[in-house]
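Take a moment with the sequence and the fold below.

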Amino acid sequence: MLIQIASTRFPKINGVKKAVHSIAKKFQIPTEEILFETTETNSGVSDTPKSIEELMRGAQTRAKNIFQKRNDSETFSVGVEGGLFRISGKVFLQSWTCVYDGTECYFGSSGSIEIPAALSEAVMDNGADLGIVIDGFAEKRDVRSKQGTFGILSDDIISREDSFELATIFAMMPIFNRKVYDRKLNI
């Protein structure tokens, strides 16, 4: 099995790899049969997506941009995207994954966490990039390549990597848990 990851950022790569290894263990897929490739690609959305629709579109664009079917291997490309969305006057951080098999797209998301007003104002209202703003807010450097905003806001209980792992597991369930997803109701 070939897993093409549409990123070169470690939290995204590691989150996807952890998800795939959890799925392999659960569904008895030998891990030595899994090959990972990473490629950077454009998402086609803003640096910090500001709606669920934009998050999903960015993940899908990434996954479709890098997909290259190999004749000898089951192939999946994985695009991940993190960003914000507003609902009921609150702004939340969330991660999304799109898994593409060359025909179908499958989506999953992490949980979401409300962000502080200062971050919401800087990003949602003033158009700043969350990856830049979080460094000043947290008084740290390159937060996006480490624990991410999830880690800062959750005091490292949940990291950026964790959010991508969960989103990827959810996106892959329709592919690997067919006994549930193919089930019919007799009503």
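**From a helix to a pocket**

Helix α3 spans residues 117–125, and its buried residues are L119, S120, A122, V123 and M124. Buried means under 20% relative accessible area, with a 1.4 Å probe and protein chains only. Helices are DSSP runs of H or I with at least four residues, strands are E runs of at least two, and both are numbered from the N terminus. This is a predicted model: local features need pLDDT of at least 70, side-chain atom pairs count only at pLDDT 80 or more, and totals for chains, interfaces and linings use all residues. Residues are numbered from 1 along each chain as its sequence is written, and side-chain values use heavy atoms, without hydrogens and water.

The buried residues of α3 pack against β3 (75–87), β4 (90–100), α4 (130–138) and α5 (148–153). After α3 comes G127, with a positive phi near 80°.

Now the cores. A nonpolar core is a set of buried Ala, Val, Leu, Ile, Met, Phe, Trp, Tyr and Cys residues joined through side-chain atoms within 4.5 Å. The largest has 22 residues; I3, V99, M172 and F176 touch the most other members. β1 (2–5), α1 (10–26), β3 and α6 (160–176) each give two or more residues to this core. α6 gives the most, six residues. A second, separate core of 14 residues includes L93, V123, M124 and V133.

Last, the lining of the largest pocket. β3, β4, α4, α5 and α6 each supply at least two of its residues.

Technical notes:
Buried < 20%, exposed > 50% of the residue type's maximum accessible area, 1.4 Å probe, protein only. Contact = heavy atoms within 4.5 Å.
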